[in-house]
Amino acid sequence: MRILITNIGELTTNVADGDDLCGTLHDAAVLIEGERVAWVGSAADAPAADEIVDAEGRAVIPGFVDSHSHLVFGGDRAAEFEARMQGQKYAAGGIRSTVAATRAATDDELRIRLRGFLDEMLAQGTTTVEIKSGYGLDVATEQRLVRLAAEVTREVTFLGAHVVPAEYADRGDDYVDLVVGEMLDACAPHAKWIDVFCETGAFTVPQSRRVLEAGIARGLQPRVHASQLGPGEGVQLAVELGAASIDHGTYLTDADVAALAGSDTVLTLLPGVEFSTRQPYPDARRLIDAGVTVAIACDTNPGSSFTSSMSFCIAVAVRDMRMTVAEAIHAATAGGAAALRRDDIGRIAPGMRADLVLLKSPSRVHLAYRPGVPLVDAVWKDGVRAV
């Protein structure tokens, strides 16, 4: 089946062309054949196809790649959010309330909710999503979470080292023993990634190193939560161990920025977190100008960022993180692909997976210009129209 999307007013390919980060084409067309993009070029030169889709001069972008989410959980923390909006400070310990609700939920309850979130994200243009565990914090529940996540995505992250659960209070090292032993044994077969929350109130640098190195030894690839609540050594650890990404990065030293710029580690920004916690926004301009590869993700979770809207995160990044629209959209597509070390998504070019989003607007700028407005008209995932 050959599908031609033609009469595209503005096509974002992310195949950089000189100063144009987004590789923008006008009056363009894209040919989809099977699961892949077969051809990209001028609409006037488009090849024959079995089905024609007229974009009517509107914009097409790659599907969003959300490289950081926590979609498998029970309950919510609306009361905590309300208290925070009234001045209560955000702290990592709130995760434990979600742990209790998640442990109590059945597989079917978690599965139904997970698929609901995925449908919500797909309707907003997200075609690839990474999903972490981390709301079980015991062997049985963590194994359940990565197993359920693996039903819907290949990008599954074992995050048993999210926080120390209540039953291990003041015994963090003992909990790490569990994470790197029995818990890792149970979860590694279902996961691709290993993650740790290297932060005050969560895990120390030595504990984080143990977790990451144990995961690497089991064939998992590392990624790290760090520098969300204050400066620390998590960035240096992530770069040293070759982590695909370090996520949050709200508080970065000059040495952190230099280390990231000289590495293949992506800095994943999570605008919804700062929006929902009233912490200071990271300065993306500082990072980009230094040569750091930047991604944007939603960090969908019940505590610090309960949004699944990548377009909302793009709007916040443009307004409050000093990114251009082109940089923000690139970060939410090609940047997310880099954070997942994927070379088959995040761009629209021959051979890439056919994950595309047709907007209701003539330009990608409208994603930031019209915040909160549903601008996705159609979505193709793996060459199949899904929305």
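**Overall size.** I began with the radius of gyration. For 387 residues, a compact globule would come out near 21 Å, and the protein has 20 Å, which agrees. I keep in mind that this is a predicted model. I then took the box along the principal axes: the C-alpha atoms fill roughly 65 × 45 × 45 Å.

**Fold content.** I looked up the secondary structure next. The protein has 13 helices and 18 strands. I also checked how far apart in sequence the contacts reach. Among contacts between residues at least 6 apart in sequence, 70% join residues at least 24 apart.

**Burial and surface.** How many of the 387 residues count as buried? I find 58%. The protein exposes about 14,300 Å². Carbon and sulfur atoms supply 51% of that area.

**Charges.** I turned to the charged side chains. There are 35 positive and 53 negative charges in the protein. Their mean positions lie 2 Å apart. Side chains of opposite charge can pair when their charged atoms come close. I counted salt bridges and got 30.

**Lys132 and its two partners.** Which residues does Lys132 pair with? One is Glu130, in a salt bridge with N to O at 2.7 Å. Glu130 and Lys132 are both buried. Lys132 also forms a salt bridge with Asp195, where the closest N and O atoms are 2.9 Å apart. I placed this second pair on the fold. Lys132 lies in strand β8 (residues 131-132) and Asp195 in strand β10 (residues 193-198), so the pair ties together parts that are 63 residues apart in sequence. Asp195 is buried, as is Lys132.

**Arg285 and Glu327.** I went on to a pair between helices. The side chains of Arg285 and Glu327 meet in a salt bridge, N to O at 2.7 Å. Arg285 sits in helix α10 (residues 284-290) and Glu327 in helix α12 (residues 325-339), so this bridge ties together parts 42 residues apart in sequence. Are these two side chains buried or exposed? Buried means under 20% relative accessible area. Arg285 has 17%, so Arg285 is buried. Glu327 has 15%, so Glu327 is buried too.

**A network.** I noted one network, which links Arg154, Glu155, Lys192, Arg342 and Asp344.

Note on methods: Residues are numbered from 1 along each chain as its sequence is written. This is a predicted model: local features need pLDDT of at least 70, side-chain atom pairs count only at pLDDT 80 or more; totals for chains, interfaces and linings use all residues. Side-chain values use heavy atoms; hydrogens and water are left out. Helices (H or I, at least four residues) and strands (E, at least two) are DSSP runs, numbered from the N terminus. The radius of gyration is taken over C-alpha atoms; the globule rule is 2.2 Å times the number of residues to the power 0.38. Buried means under 20% relative accessible area, exposed over 50%, partly exposed in between (1.4 Å probe, protein chains only). Contact means heavy atoms within 4.5 Å. Accessible areas come from the Shrake-Rupley method with a 1.4 Å probe; for residues, only the protein chains shown count as cover. Lys and Arg count as positive and Asp and Glu as negative; His and the chain ends are not counted. The place of a charge is taken as NZ of Lys, CZ of Arg, CG of Asp or CD of Glu. A salt bridge is a side-chain nitrogen of Lys or Arg within 4 Å of a carboxyl oxygen of Asp or Glu.
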